[in-house]
Amino acid sequence: MLPFLTHVLMVQVCCQRSGRISFPERRSPRTLTRISPSLLSWLPGGSCRRLPMEKVQGEMEIERWERSEEISEAEKKVIQETWSRVYANCEDVGVSVLIRFFVNFPSAKQYFSQFKHMDDTLEMERSLQLRKHAQRVMGAINTVVENLNDPEKVSSVLALVGKAHALKHKVEPVYFKKLTGVLLEVISEAYGNDFTPEAHGAWTKMRTLIYTHVTAAYKEVGWAPYPNATL
């Protein structure tokens with residue numbers, strides 16, 4: 001048996017040298033395992049640990065939101081048509097949006113010194129400061145909607161909004177995503193007949209457009225969170 005094995009080994013070596021047979025390089029299972037960098041957090045000394053799945057999913061969600069889908073001409077028209085009906089009652093709609101926003105996300109009130117301690121929805125509705133801010137929010141969205149065919153204008157408007165909220169107001173950018181989500185809820189409930197599935201799809205792209213430009217402005221100014229800042 002030993003001479004036979006020796007012969008086989010000699011044949012394998014000769015075949016490798018002649019190039020007639022190619023033997024794959026043996027690799028340990030460890031070298032063949034690929035680990036996504038997004039699942040790792042590097043620590044001192046070159047060691048690493050897996051991140052919690054919740055954090056990975058959160059990072060994937062942020063990455064998805066930061067990729068803006070192009071809004072078609074037909075979708076722009078749908079957005080502008082539905083918004084024209086909404087903006088006819090801009091103050092009432094804006095107040096409804098902010099009240100629901102603060103009820104659903106009470107932590108957002110920390111940025112508003114004028115009504116941060118308000119819990120009663122009727123008190124919020126009567127607040128002049130809240131109404132003024134609602135008008136500013138609706139006015140900014142109206143400017144974006146009116147200029148959907150002018151990407152540079154949209155970019156400049158949302159850049160100003162983003163930079164102001166990052167540098168002056170110190171608002172976490174995720175609240176823009178939450179606020180626009182509440183806006184869509186209120187619009188779909190109040191204008192259900194106009195808010196078709198096509199309109200919902202177009203406005204979903206609009207939300208992403210707003211968030212993409214705002215977060216880009218945050219990154220441009222080197223955003224760092226400030227926990228105790230107010231508007």
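Student: Which atoms and what distance define a salt bridge here?

Tutor: A salt bridge is a side-chain nitrogen of Lys or Arg within 4 Å of a carboxyl oxygen of Asp or Glu. The model is predicted, and the structure holds 8 salt bridges.

Student: Where is K170, and is K170 buried or exposed?

Tutor: K170 sits in the loop between α8 (151-168) and α9 (174-190). K170 is buried but has no salt bridge. The nearest side chain of opposite charge belongs to E172, 12 Å away.

Student: What does the side chain of K170 reach?

Tutor: The backbone oxygen of L167, at 2.2 Å.

Student: Turning to a pair that does meet the criterion, which residue does E91 pair with?

Tutor: E91 forms a salt bridge with R131, with an N to O distance of 2.8 Å. E91 lies in helix α5 (residues 90-104) and R131 in helix α7 (residues 128-146), so this pair ties together parts that are 40 residues apart in sequence.

Student: How should I read the accessibility of these two residues?

Tutor: Buried means under 20% relative accessible area. R131, at 18%, therefore counts as buried, while E91 is partly exposed at 31%.

Student: Which residue forms a salt bridge with R100 at 2.7 Å?

Tutor: The side chain of E189 meets R100 at that N to O distance, 2.7 Å. R100 is in helix α5 and E189 in helix α9, so the pair ties together parts that are 89 residues apart in sequence. R100 is partly exposed, with a relative accessible area of 25%, and E189 is exposed at 54%.

Student: Which residues are linked with R100 in a network of salt bridges?

Tutor: E185 and E189 are linked with R100 in such a network.

Student: Are E220 and K163 buried, partly exposed or exposed?

Tutor: E220 counts as exposed, at 60% relative accessibility. K163 counts as partly exposed, at 26%.

Key: Residues numbered from 1 in each chain as written. Predicted model: local features only at pLDDT ≥ 70, side-chain atom pairs only at ≥ 80, totals over all residues. Heavy atoms only, no water. Helix = DSSP H or I, 4+ residues; strand = E, 2+ residues; numbered from the N terminus. Buried < 20%, exposed > 50% of the residue type's maximum accessible area, 1.4 Å probe, protein only. Lys, Arg positive; Asp, Glu negative; His and termini not counted. Polar contact = N/O pair within 3.5 Å; in protein donor to acceptor, adjacent residues only side chain to side chain.
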